[in-house]
Each structure stands twice: as C-alpha cells, then as structure tokens.
Amino acid sequence: GRAAQLEFLADASQALAGSLDYRETLRQVASLAVPTHADWCSVQLIDDGVLRTLAVAHVDPAKVALAKELETRWPPDPNQPGGAAEVAALGVVEDVG
C-alpha cells in the first residue's frame, strides 16, 4: 500500500544519498524493490551509447544468473523501436494498454 511505497522511497533516497559509487547505489535500489514491490527489478543505463544492465534483483537468486546469461547471449538491440534504449534516450514511455 501507500505506507510501503513511502518506506521504499525513503530507503531508496537514503541509498542514493549514501554512496558516491552510482553502480553500487543502483544495485541497492534494485534490491530494495524486490520482493516488496516487484518479483524482479532491472536497472539499465546508456553508457557510451550502449545500453548496459547495472543491476538485476529477483526473488529467486538463480534467475538473476539466468538474466545475466540471457543478456550476454542475446544483448538488447539499441535500435529496437520501443526498447529500453529508446525509452532511455527519449525519456518517453508509450502506453500500449
């Protein structure tokens, strides 16, 4: 509910303010989202024109390893319309529902 959302925002704000290492900070934020708010969370960032996954958290730790393996085998296509790279570059999410 609302209290859980506020607690997540407070914890995430504390994590964001607590470290100068943004990669570690984003890993902490992903871990805070699971399992209270989501079954899994992935944080991606465009770095030198390449979409990179900085953090993955899942309720089942084995699936974290699977997600990393899938991304290695089939990296995201930065030119895919509506893909994460386009969303990150444009800052716009299209509502398809």
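Trp74 is exposed, with a relative accessible area of 58%; exposed means over 50%, buried under 20% and partly exposed in between (1.4 Å probe, protein chains only). The model is predicted: local features need pLDDT of at least 70, side-chain atom pairs count only at pLDDT 80 or more, and totals for chains, interfaces and linings use all residues. Numbering runs from 1 along each chain as its sequence is written, and side-chain values use heavy atoms, without hydrogens and water.

Trp74 sits in the loop between helix 3 (61-73) and helix 4 (84-90). Helices are DSSP runs of H or I with at least four residues, strands are E runs of at least two, and both are numbered from the N terminus.

Now the core. Seven residues make up the largest nonpolar core: Ala30, Ala33, Val34, Cys41, Val43, Ala55 and Ala57. Such a core is a set of buried Ala, Val, Leu, Ile, Met, Phe, Trp, Tyr and Cys residues joined through side-chain atoms within 4.5 Å. Helix 2 (22-33), strand 1 (40-47) and strand 2 (50-58) each supply at least two of its residues.

Next, the charged pairs. There are two salt bridges, each a side-chain nitrogen of Lys or Arg within 4 Å of a carboxyl oxygen of Asp or Glu.

| Salt bridge | Closest N and O atoms |
|---|---|
| Glu24 with Arg27 | 3.3 Å |
| Arg73 with Glu69 | 3.1 Å |

Glu24 and Arg27 are three residues apart in helix 2, about one helical turn. Arg73 and Glu69 lie four residues apart in helix 3, also about one turn. Arg73 is exposed at 55% relative accessible area, while Glu69 is partly exposed at 39%.
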